[in-house]
Amino acid sequence: MTDTPVPTNAGASPPSQAPRSQWWDVWDQFRSHKGAMVGAAFFLAIVALVVFGPLIWDVDPTKTNIRERNAPMSLSAPLGTDQLGRDIFARMIEGGRISLAVGLTAMGLSLLLGTLIGVLAGYFRRLDGVLMRLTDLFLALPLLPLLLVMVLLFREPLTAAFGIETGIFILIVSAIGVTSWMQTARIVRGDVLALKEREFVLAARATGTTPAKIITRHVLPNVMSPIMVSATLGIATAIITESALSFLGLGFPPDFPTWGRLLNDGVPYLQQYPGRAFWPGLAISLVVLSINYVGDGLRDALDPRIRGR
Amino acid sequence: MLTFTIRRLLFAIPTLLFIALVIFLLLELAPGDPMANVPLTVPAEVKEQMRIALGLGEPMHIRFWKWIIQFFWIEPLNVFDALFGTSFAEGKLRIISWQNRAPVFIAIAERIPQTLWVVGTAYVVAILIAVPVGIYSAYKQYSVFDQAGTFVTMVGFSVPPFFSGVLVIIIFAVQLKWFPSIYDTTHVVNSWDAFLFQVRQMFLPVMVLALQITSQLSRFMRASMLDNLQQDYVRTARAKGLKERAVVLVHVLRNSMIPVVTVIALGVPSIFGGAIITEQVFKVNGIGQLLITAIQANDLPMVQTLTFIFAVLIVLFNLLADVLYGILDPRIRYD
């Protein structure tokens with residue numbers, strides 16, 4: 001993009017309209033990836049459903065009604081009711097809120113950590129060795145066992161300090177964030193190392209720009225594309241990890257439905273009511289699948305070598 | 001190459017020690033008391049004695065050192081004794097589980113065969129499926145087979161094992177009743193029928209695990225084949241009149257396998273971690289299940305040892321992958 005020759009008549013006649021930003025090219029390329037478009041539409045639909053769903057479907061997900069228990073699918077309960085007569089559709093919406101919130105927040109945290117460490121390691125040579133050894137070390141840790149251990153050990157103090165829901169939320173989000181930043185850090189570091197040698201960074205340094213300004217104004221905007229790709233994949237991983245923890249009984253407590261928790265609750269009733277485990281599992285899988293397609297499309301769209309072909 | 005291997009092996013020692021320290025400190029600094037479940041009627045002195053009996057009496061650094069000694073010296077001695085009938089480790093204190101007061105490694109040795117059978121078979125099945133699928137999809141890029149394959153791998157990649165496991169149980173165990181949904185570990189294979197039963201009960205967990213591994217591997221295989229198919233040496237091979245079969249299966253495949261082999265090596269330890277969930281779904285009482293029950297029972301020595309074993313596996317297979325890469329690809333020079 002920086003190598004594009006400047007049109008010679010640029011000074012002669014003022015451009016009639018603002019030049020097309022590169023993000024329009026990215027959007028055009030992204031639009032041509034069918035799977036990514038379907039995935040994005042589906043993901044947005046699910047987000048809209050869990051955000052605005054409770055306004056339309058205002059059944060209390062925790063209200064028990066023992067007379068109506070184990071009801072099949074009907075108009076009054078689209079996905080039936082569970083063994084305590086709670087409306088499964090309302091619980092799915094509520095679960096989706098928590099699962100997606102965990103996914104997005106954990107992704108944000110892991111991205112923040114990964115970008116910070118990647119940029120620091122790439123930009124400041126003195127920190128590089130230490131930070132990259134740290135990254136290697138984290139990559140060598142057995143993550144799922146460690147996550148389980150962390151949840152086991154810190155559950156009680158955190159719930160005591162922040163209340164059950166907030167405490168577990170903080171615990172799970174930080175546990176997932178702390179154990180998933182390494183790939184982002186590696187990719188960002190590699191890109192920063194290459195960027196640092198480019199002329200525009202040299203020019204910025206020559207004009208006396210401070211390192212902090214160089215990083216925020218010149219380096220960060222240029223590493224946005226790998227960060228965005230890892231962001232999409234990060235949401236998917238975080239949702240799967242949270243569901244896995246809930247599925248193993250080490251996530252949110254039973255009163256707070258998440259998709260993984262609902263799936264876990266449905267497993268004992270697999271013989272009689274297979275739908276109860278099926279719907280939450282389907283929700284997790286479809287959301288992750290759509291996010292993965294978006295990530296695929298985004299990777300193609302942000303790759304200037306593919307774009308425009 | 002040899003110096004590189006030795007250097008990496010030496011570097012692995014501080015890495016492992018540091019990981020051991022991290023795991024130890026995580027468990028140590030976490031709040032929670034192993035005596036919390038003891039009734040309040042038990043006097044304080046007795047509780048103190050119970051703590052000492054659990055090995056909690058000494059300062060932290062001494063306990064860490066003792067655990068390291070037990071893990072790296074006494075337990076290997078015990079393995080040696082068991083193999084050769086010697087008695088070097090007699091009277092030395094082993095790592096003791098808090099759950100049943102038996103050595104941790106005896107429990108692990110009981111659980112390893114199940115995990116190895118199920119997970120190992122799944123890995124082999126996955127490799128056998130993924131490699132041909134990857135080769136063919138890359139060779140016929142954008143064909144119907146490739147599109148379908150890409151879609152299936154994307155699905156396999158996205159569907160978590162706790163859902164695919166539940167799904168196959170609903171379909172094949174509950175509805176069709178073809179396979180049992182629970183893995184029977186006490187089953188002894190002593191006849192043809194028993195063998196068939198073993199195959200049937202392994203089928204579902206192996207398929208669930210294999211689907212996951214296949215999707216990752218075949219994506220790698222396809223990408224690697226695509227890279228190599230565009231190289232100049234492929235055109236040269238075709239130009240000198242080699243058969244298409246020889247070009248693809250000898251020239252391209254051998255070069256494409258280099259990154260795939262390292263990915264296979266890197267995936268081995270994560271399989272043990274990933275199998276935790278599959279083992280839980282199908283009630284296979286392997287290592288993953290041992291870890292879950294130990295976590296639920298607050299059995300810290302067991303958790304510590306198992307987590308560290310996973311870490312050792314990760315470090316060793318990383319090393320193996322690097323060395324393999326150097327051996328297989330003469331363009332890579334570490335020295």
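1. Confidence of chain B. The mean pLDDT of chain B is 83, with 94% of its residues at 70 or more; pLDDT is the predictor's confidence in each residue, on a scale from 0 to 100. This is a predicted model, in which local features need pLDDT of at least 70 and side-chain atom pairs count only at pLDDT 80 or more, while totals for chains, interfaces and linings use all residues. Residues are numbered from 1 along each chain as its sequence is written, and chains are lettered from A and ligands numbered from 1 in the order in which they are written. Within chain B, confidence is lowest in helix 2 (residues 44-53), with a mean of 76, and highest in helix 8 (residues 232-239), at 90. For the complex, the predictor gives an ipTM of 0.78 and a pTM of 0.82.

2. Confidence of chain A. Chain A averages a pLDDT of 81, and 89% of the residues score at least 70. Over residues 6-12 of chain A the pLDDT is below 50, and this stretch has zero contacts in the model beyond near neighbours in sequence. Two residues are in contact if their C-beta atoms, placed from the backbone, lie within 7 Å. Where pLDDT is low, the predicted coordinates should not be read in detail.

3. Secondary structure. Chain A has 12 helices and zero strands, while chain B has 11 helices and zero strands. Helices (H or I, at least four residues) and strands (E, at least two) are DSSP runs, numbered from the N terminus. The C-alpha trace of chain B spans about 85 × 60 × 40 Å along its principal axes.

4. Buried residues make up 42% of the 309 residues in chain A and 33% of the 335 residues in chain B. A residue is buried if 20 or more other C-beta atoms lie within 10 Å of its own, exposed if 12 or fewer, and partly exposed in between, with C-beta atoms placed from the backbone. Of the contacts in chain A with a separation of 6 or more, 69% involve residues 24 or more positions apart. In chain B, among contacts between residues at least 6 apart in sequence, 70% join residues at least 24 apart.

5. Nonpolar cores. The largest nonpolar core has 132 residues, and those with the most contacts inside it are Ile172(A), Ala122(B), Leu291(B), Leu306(B) and Ala311(B). Such a core is a set of buried Ala, Val, Leu, Ile, Met, Phe, Trp, Tyr and Cys residues joined through C-beta atoms within 7 Å. Helix 4 (residues 104-139) of chain B contributes the largest share of this core, 15 residues. Apart from it lies another core, of 10 residues, including Ile117(A), Met182(A), Ala185(A) and Val192(A).

6. Interface. In the model, 36 residues of chain B are in contact with 34 residues of chain A. Helix 11 of chain B gives the most to the side of chain B that touches chain A, with eight residues. By class, that side has 29 nonpolar, seven polar and no charged residues; Ala, Val, Leu, Ile, Met, Phe, Trp, Tyr, Cys and Pro count as nonpolar, Asp, Glu, Lys and Arg as charged, and the others, Gly among them, as polar. Leaving aside its neighbours within four places in sequence, Leu306(B) is in contact with Pro145(A), Ile287(B), Leu290(B), Leu291(B) and Ala294(B).

7. Helix 4 has 36 residues and reaches 50 Å from its first C-alpha to its last, close to the 52 Å expected at 1.5 Å a residue; the expected span is 1.5 Å times one less than the number of residues. Helix 4 bends by about 35 degrees at Arg111(B), and a proline, Pro113(B), follows within four residues. The bend at a residue is the angle between axes fitted to the seven residues ending there and the seven starting there. Helix 10 is mostly covered, with eight of its 10 residues buried.

8. Positive phi values. Most residues other than glycine have a negative phi. Tyr142(B), in the loop between helix 4 and helix 5 of chain B, has a positive phi near 65 degrees. Tyr142(B) is exposed because 9 other C-beta atoms lie within 10 Å. Lys283(B), in the loop between helix 9 and helix 10 of chain B, has a positive phi of about 60 degrees, and counts as partly exposed with 13 C-beta neighbours inside 10 Å.
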